[in-house]
Amino acid sequence: VIIVELTICLTLYTSPLEWKWNYLRWSLNSRPSASENLLLNVNECALNIDNCDADVRATCTNTPGSFTCACNAGYSGNGITCVDINECTLSIDNCDGQAACVNTIGSFNCGCNVGYSGDGVTCIDINECDLNLDNCHLNATCSNTIGSFFCTCRPGFSGNGVSCIDIDECALGTDQCDGVNGRCFNVKGSYTCTCNNGYRGDGRTCVDIDECAEQIDNCDNNAQCTNLPGNFTCACNAGFTGNGISCL
């Protein structure tokens, strides 16, 4: 039976990575034969006597009689010195085309741009109109676009879509009412046309009513009705006196 007693004394010199073996003593109760090999492996990683970069940046792997250093994912270097890889600048991230890449120490984050939703790796357009997330005016229509939306005032209103005010077509003279024999009345977002008294039509086109021919005048039976544009007159017949409405 081979009994090995190992005493290791380490003294820290000027650098945390510079160690010196001060004392190494082997006591063997029975020496191995010439054909026997005695191999002692020191785990530098477990004893923290490796010279690998900090644990967050590199990984130390023990090997028989030595060790290796390898930079962790997100870092580059020889394992002894590791620097952060800027995946965003190098365009090696997996962020969506509609996302912003933000570099972090040893990694990166993806965030969807305004107007998109998702985890940053996959981003889809937000339909602000359907979700009522727009700021369009009550009298405007919302139109969704890729990554955004726009507002348009409805006919009869003017503005930028976020603010819309009624257009007074009558005051501006932009109505299509009969300008001679009709009248324009402004209403919210539109206007209406009506014919003047003595005329009939849709307000856009008005024609004179011949009250005499249609016998809708109020002349006396002993009076003569004469049609006028938009009106009529009554005159008592010869032999009668009065205002035409009443003849004696």
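Reader: Leaving aside the neighbours within four places in sequence, what is Ala 223 in contact with?
Author: In this predicted model, and with those sequence neighbours left out, Ala 223 is in contact with Ala 235, Cys 236, Asn 237, Gly 244 and Cys 247.

Reader: Cysteines keep turning up, so how many disulfides does the count come to?
Author: The count comes to 15 disulfides. One of these pairs is formed by Cys 219 and Cys 234, whose sulfur atoms are 1.8 Å apart, and with -80 degrees about the S-S bond this link is left-handed.

Reader: Where do Cys 219 and Cys 234 lie?
Author: Cys 219 sits in the loop between strand 18 (206-208) and strand 19, whereas Cys 234 is in strand 20, so the pair ties together parts that are 15 residues apart in sequence.

Reader: Are those two buried or exposed?
Author: Cys 219 has a relative accessible area of 13% and is therefore buried, and Cys 234, with a relative accessible area of 17%, is buried as well; the cut-off for buried is under 20%.

Reader: Switching to Cys 112 and Cys 123, how far apart are their sulfur atoms?
Author: They are 2.1 Å apart, and the two residues form a disulfide. The torsion about their S-S bond is about -90 degrees, so this disulfide is left-handed. The pair links distant parts of the chain, with Cys 112 in strand 8 and Cys 123 in strand 10 (residues 123-125), eleven residues apart.

Reader: How do Cys 112 and Cys 123 count, buried or partly exposed?
Author: Cys 112 counts as partly exposed because its relative accessibility is 22%, whereas Cys 123 is buried, with a relative accessible area of 10%.

Reader: What about Cys 95 and Cys 110, what do they form?
Author: Cys 95 and Cys 110 form a disulfide with their sulfur atoms 2.0 Å apart. The torsion about the S-S bond is about -80 degrees, so the link between Cys 95 and Cys 110 is left-handed. Cys 95 lies in the loop between strand 6 (82-84) and strand 7 (99-104), and Cys 110 lies in strand 8 (residues 107-112), so parts that are 15 residues apart in sequence are tied together. Both Cys 95 and Cys 110 are buried.

Reader: New topic: where does Asp 50 lie?
Author: Asp 50 is in the loop between strand 2 (19-28) and strand 3 (58-63). Asp 50 is buried yet has no salt bridge, and the nearest side chain of opposite charge, that of Arg 57, is 11 Å away.

Reader: Which backbone nitrogen lies 2.9 Å from a polar atom of the Asp 50 side chain?
Author: That is the backbone nitrogen of Cys 52.

Note on methods. Residues are numbered from 1 along each chain as its sequence is written. This is a predicted model: local features need pLDDT of at least 70, side-chain atom pairs count only at pLDDT 80 or more; totals for chains, interfaces and linings use all residues. Side-chain values use heavy atoms; hydrogens and water are left out. Helices (H or I, at least four residues) and strands (E, at least two) are DSSP runs, numbered from the N terminus. Buried means under 20% relative accessible area, exposed over 50%, partly exposed in between (1.4 Å probe, protein chains only). Lys and Arg count as positive and Asp and Glu as negative; His and the chain ends are not counted. A salt bridge is a side-chain nitrogen of Lys or Arg within 4 Å of a carboxyl oxygen of Asp or Glu. A polar contact is a pair of N or O atoms within 3.5 Å; within protein, one must be able to donate a hydrogen and the other to accept it, and residues adjacent in sequence count only if both atoms are side-chain atoms. Contact means heavy atoms within 4.5 Å. A disulfide is a pair of cysteine sulfur atoms within 2.5 Å.
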